[in-house]
There are 2 protein chains.
Amino acid sequence: MQNKKLKALSKESNPLNITLDSISISTSIIKNPLLSFSYAASGIGKEHLRIFQDIVESIDVNKKVNSLLNSDHVNKSENSAVNHHKCRDVKSTSFYQNEYNKLKETVNKIREESVPETLIQIGIGGSFLGPQMCIEALKPWAIANAIKTPKQCRFISNVDPDHVHTQLEGINLKKTLFIVVSKSGTTQETLANFELVKAITKLSGIESIEKQCIGITCKGSLLETNYNFMHLFYIDDSIGGRFSTSSVVGMTILALCYGTDIADAFLEGAVQYDSVLTVNEVIKNAPLLNACISIWFRNYCNHQALGVIPYNSALQLFPAFLQQLICESLGKQGSIDGEPLSYETSPIIFGEPGTNAQHSFFQMLHQGSTTTPLQFIGFKKPVIDTPVGVKNHTLLNSHKSAQIAGLAMGKNDPNINKKFFGNRPSTLIIASQQSQKVLGALLSFYENTVMYESFLLNINAFDQEGVQLGKVLANNLIDSSKVADPVSKAYWDLLNK
Amino acid sequence: MQNKKLKALSKESNPLNITLDSISISTSIIKNPLLSFSYAASGIGKEHLRIFQDIVESIDVNKKVNSLLNSDHVNKSENSAVNHHKCRDVKSTSFYQNEYNKLKETVNKIREESVPETLIQIGIGGSFLGPQMCIEALKPWAIANAIKTPKQCRFISNVDPDHVHTQLEGINLKKTLFIVVSKSGTTQETLANFELVKAITKLSGIESIEKQCIGITCKGSLLETNYNFMHLFYIDDSIGGRFSTSSVVGMTILALCYGTDIADAFLEGAVQYDSVLTVNEVIKNAPLLNACISIWFRNYCNHQALGVIPYNSALQLFPAFLQQLICESLGKQGSIDGEPLSYETSPIIFGEPGTNAQHSFFQMLHQGSTTTPLQFIGFKKPVIDTPVGVKNHTLLNSHKSAQIAGLAMGKNDPNINKKFFGNRPSTLIIASQQSQKVLGALLSFYENTVMYESFLLNINAFDQEGVQLGKVLANNLIDSSKVADPVSKAYWDLLNK
């Protein structure tokens, strides 16, 4: 996305000069359902907003959104619709409604009999990053509400045998329920890991672990035909792996762990936030503005990365989830029509919870040679809201406020090493309290940001051709009927001899 | 560090053109104790190596290393020596030897009586990132060797009360041993969290949790004077937080969790790798070459970030550990003598284990608009080396080899979205098998890389002035005797009303 006006503006406002006062802070905010989005410290002014709005209209973003919501095949390269919004609005489609109802019925029956002692989901990429993030995120909520949960809820993802052995350690395998997730039913890591789990459980005297397994896959896939699972829940091709958290891929383990009410509330939060999808004004639609700001940072300010800092330890895994969502969706070099691009696409995503991050890489953010924009996420109240914890939450929020201010405003000092240049931009997402509904809204916020960004950049956010080459080269190494390329082979020798 | 020859070379080799064949791959490797370092796919050629060597000699890096090892006050701004190498070579200094012996004696007594059911370390920054990384890293090893370990080994870091409550959940508090770590004895988060732990355990009927606590701090600190801990182990000011993993800060919980032999072996590995410290030839000293390459990437190729990808799930927390080590040490804007810098300092560090990362952000690395260099870490054999896991480890290593090759070599295709431009540089660290000794060597590799890089950049890697402003602003918000700045206050209002 190259825009002459933005280019002129970037030259004019270089170096960035963030001016902040209490009025701008209280007014530069978008209040959407469940979440508010503050852009006061982003360096975005009225002129930016005007140009953003022009671009949104000239590209006719709204038409693209409607086309997606209309199940047109907007994933052109794979000739597929993109239905994750429908999938969570379960009433909208009988297929999704049936699968979700089947899931709820099954889970309720299992939990009524007894909550499984251990849950293990086997899957990689979107089959674990979003689901694991949600399980971690709601732990405090489960404690606050005395929800009966499994003792352990684990994930087997990496095709590293040490990882598989470690995840199976210290648990009663007979009292473990497995969920095996592969949309295509052919995911190499997931199948190899399931076979390893089968071998290990067999050595422990379990004849057929398949009887302790739920499968999640597309109808008729090899996962369905090759195994005899206890239950099967279906998804379809129009739900991309990284957009599958609010499908049965994420909701099965969420419901098994915390109950079906929580899955309902999570989906409700996402659907509620999706209500801004067709709002066409950048100052009323936070994910749309966030997409514009992200492109501004990446293309006009030369910021290669974006840090995401939740002031909430339960969101520890949120940055890792966003790495896939954002980098896999936007890390493209060609337009959706197959043309080379002359502009930048995905930022690198990284992040850790505050205040931990302050004691890690914040030195670099304040005084490093390169400006890196941040996105803060904050909550007004803790989830476990007891009198003894009040002081700690006060500290947490004071630090969050202070960091935004310090990064933006800086502080002069004659000693260069004690000087803070300031003008380091950030945005802030605020919710009253972390909960399953708010988590659903956060998911929607970021999924929709990515969608808008792909429309603005004219790229396909829903395919991932860039992961193919590595798969082919690896396969050529291990399949004796194939010819390995000499470079892969030389590294293979280095790693094995 | 501005160097005319490197600048000329960067213009000449722009765009980067990585040429790889089996000979260059087998020869572009440095074999240091326990670890090999392959730079074949980094795009670094003989001309680079010559210039690197010139720079190393002209800056007299060796003299700076010796000055540091000689306990000169190389941390100028804090007028302090930098002794973490001595601290792990315990024989070298009676103070470190005494503390380490005291630690071992205490831990052996505790473990002989009974291994604690739960260990919880309370600390932030270097008091948790390195120690937690080590505990996670050695889990497979403990399984393979049937080591008796605590049921849980947890860390309380963030001043988020939900985090503290979550970490204390599902355990028998009476059978929990706490380790409280604050070098200065004044770390705000650690003290607030320990007070919260005291309040929560009191509500559970534990009169004085201090009797279940080990303290780690400087002699005479407030942590020593204000509490009555069961045991105290001392460090001193010359051990920076982010360099304290191989001090009692990391070794206490490591020894309590896995036994004192493991702590011994970890330190031995680090000391063994430290033997390359004074080797002055870039082609024989991997951390020195790694420092040169990092500066090359950051300053001459405009790569703002570095991804670290261990093909080993037990090293899951390694990138987060490196974020503090690298970004806090090198994220500076002034020279060690207080002069403004005209060049770039720290890269942004991010990473996840492979193959997980392949299903996350590798799309961006292969096809995104910006080149981001990677550092791979690989092992020839798994730790839990059983026949059933062989296939999975073969897959793991085939993917690692294929990714390095694919990123470097690319693949042509008339369809831009199926094309791989290649020339995406990486380096590779290889060890035979992950173990406590190899982990110690890895720590040494990165700590020494950071040290060399700071010498080459002429900055102080051992202070962190950039974290002060946020602390002051936060304190002004919560201390009623202080005046809060209006920007922090306005954000505070946004987050609390």
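To compare two copies, they are superposed by least squares on the C-alpha atoms of residues with pLDDT of at least 70 in both. Keep that in hand for the first exercise, and remember that this is a predicted model.

**Exercise 1. Work out how chain A and chain B are related.**

Step 1: A turn of 180° and a shift of 0.0 Å along the axis does it, with an RMSD of 0.0 Å.

Step 2: Read off the symmetry. The two copies are thus related as by a two-fold rotation axis.

Step 3: Check the touching surfaces. Both copies use the same surface, as 100% of the contact residues of chain A recur in chain B.

**Exercise 2. Describe the contact between the chains, looking from chain A.**

Step 1: Count the residues. Chain A puts in 123 residues, and chain B puts in 123 residues.

Step 2: Find the main contributor. On the side of chain A that touches chain B, helix H17 (residues 390–409) of chain A gives the most, with 18 residues.

Step 3: Sort that side by class. You get 52 nonpolar, 53 polar and 18 charged residues.

**Exercise 3. Decide whether helix H12 of chain A is mostly covered or mostly open.**

Step 1: Recall the cut-off: a residue is buried if 20 or more other C-beta atoms lie within 10 Å of its own.

Step 2: Apply it to H12 (residues 248–258) of chain A. Here 11 of its 11 residues are buried, so the helix is mostly covered. Among them are A:Val248, A:Met251, A:Leu254 and A:Tyr258.

Step 3: Look just past the end. A:Gly259 follows H12(A), and its phi is positive, near 105°.

**Exercise 4. Find out which residues have the most contacts inside the largest nonpolar core.**

Step 1: Take the core itself. It has 321 residues, and A:Leu254 and B:Leu254 have the most contacts inside it.

Step 2: See which element supplies the largest share. That's helix H18 (residues 436–457) of chain A, with 13 residues.

Step 3: List the partners of A:Leu254. Beyond its neighbours within four places in sequence, A:Leu254 touches A:Pro131, A:Cys134, A:Ile135, A:Ile262, A:Ala263 and A:Phe266.

**Exercise 5. Is A:Cys87 buried or exposed, and what is it in contact with?**

Step 1: A:Cys87 sits in helix H5 (residues 84–88) of chain A.

Step 2: Count around it. A:Cys87 is buried because 27 other C-beta atoms lie within 10 Å.

Step 3: Name the contacts. Skipping neighbours within four places in sequence, A:Cys87 is in contact with A:Tyr96, A:Ile239, A:Ser246 and A:Ser247.

Step 4: A:Tyr100 is 13 residues from A:Cys87 along the chain, and their C-alpha atoms are 9.1 Å apart.

How values were computed: Residues numbered from 1 in each chain as written. Chains lettered and ligands numbered in written order. Predicted model: local features only at pLDDT ≥ 70, side-chain atom pairs only at ≥ 80, totals over all residues. Contact = placed C-beta atoms within 7 Å. Helix = DSSP H or I, 4+ residues; strand = E, 2+ residues; numbered from the N terminus. Nonpolar A, V, L, I, M, F, W, Y, C, P; charged D, E, K, R; others polar. Buried ≥ 20, exposed ≤ 12 C-beta atoms within 10 Å, placed from the backbone. Core = buried A, V, L, I, M, F, W, Y, C linked by C-beta atoms within 7 Å.
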